[in-house]
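Open the model in your viewer and keep the selection tool handy.

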Amino acid sequence: MLDIAEELHRWCGRGLPFAVATVVATGGSAPRQPGAALAVDGDGTAVGSVSGGCVEGAVYELCREALSGDGPGTLVQRFGYSDDDAFAVGLTCGGVIDILVQRIDPAARPELAAALAAAVAGGTAAVARIAQGPGDLLGRALLVRGDGSYEGSLGDPERDRTAAAETLAMLDAGRTGTVAIGADGSRCGAPLTLLVESSVPPPRLLVFGAIDFAAALVRAGRFLGHRVTVCDARPVFATPRRFPDAHEVVVDWPHRYLDAEARAGRLDGRTAICVLTHDAKFDVPLLERALRLPVGYVGAMGSRRTHLQRLDKLRDAGLTDLDLARLHSPIGLDLGARTPEETALSITAEIVAHRHGGTGVPLTGAHTPIHPTAPAPARRLGTPAA
């Protein structure tokens, strides 16, 4: 639902009810992941998607029925592939998805309206909804903020406390997915399944080295939804004019800037650091710090010879083999890239693959899942454990 928060926030502002269909579980080669949503307002306007087109028509009708009162206000519907009739309502890609369809009256569901507002504002918040359990509990929601406070209710104070703790753990990791809790609020048993949708600031891409390859990487990173920073100690090169697509351009020694960002708690397990400077006096002190931080990705440009020389210098600086194993160098996937744009594609492809647990090999002929489940990223620096 939060993936279409901007439009739903506008609908909430009108104060009129609407219906939302949200993917709560998937199996096989389902095209969309939990949290993907399609919404319909009273005029029949639809936004979003739950399947990339496979079952949109049927889900649209379920939303219309929930909104009109001709069907239940909240239900879970499963869609899957049928060998007997591949053209029936189902996923011809071979997957299975469960969809939570829910009528939402903004005035009666202030916790959902607040979650949408937080997502639009780029705040840190998560909404947990009961996606599997007794019918009278389906769709009940809890809004959990980054400081652990929450509003709304799942119908029981102990259940609320447990759900808030589990949701905060998901929020700290920046994850959207499901979590099971006991109906009485215990952490054992699994009679209730919660869909947790997290809204966190965009992941950061820190590009060190104001070179032509950096300009292409900035464009690619911004296209992928990162907040992109370019940092270089040379003011003649690090200018907003040379990097108009960067959210910020910083003139500072790279290691000093990284130290400041870490102290301020502005780095987390989704942060990607790309070192493109080709200069040991910049690279080594920067990588020495980056490889000790719980960020998501650290890559450095350079030839294989440069890489080996760099490793020697980093060992001399006290880094262990375990630290050095985190370094992606030479940076990027083997795409045969030549131009800055192709190189940027190679680098961002490796960042995406690393974040989601992809292999980087062609899908043709492979037997691995198309949508693998990645491990949870590290907690944001400076935040307590749940």
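**Charged side chains**

Start by selecting Arg 204, Glu 248, Glu 261 and Arg 266, which a network of salt bridges links together (a salt bridge being a side-chain nitrogen of Lys or Arg within 4 Å of a carboxyl oxygen of Asp or Glu). This is a predicted model, in which local features need pLDDT of at least 70 and side-chain atom pairs count only at pLDDT 80 or more, while totals for chains, interfaces and linings use all residues. Residues are numbered from 1 along each chain as its sequence is written, and side-chain values use heavy atoms, with hydrogens and water left out.

Zoom in on Arg 266 and Glu 261: their closest N and O atoms are 2.9 Å apart. Glu 261 is buried at 6% relative accessibility, whereas Arg 266 is partly exposed at 46% (buried is under 20% relative accessible area, exposed over 50%, partly exposed in between, with a 1.4 Å probe and protein chains only).

Next, pick Arg 315 and Asp 312, whose salt bridge spans 3.6 Å from N to O. They sit about one helical turn apart because they are 3 residues apart in helix H8 (residues 304-316).

**A surface patch**

Now select Leu 224, in the loop between helix H5 (212-223) and strand E12 (227-232) (helices, H or I, have at least four residues and strands, E, at least two, as DSSP runs numbered from the N terminus). Leu 224 is partly exposed, with a relative accessible area of 40%.
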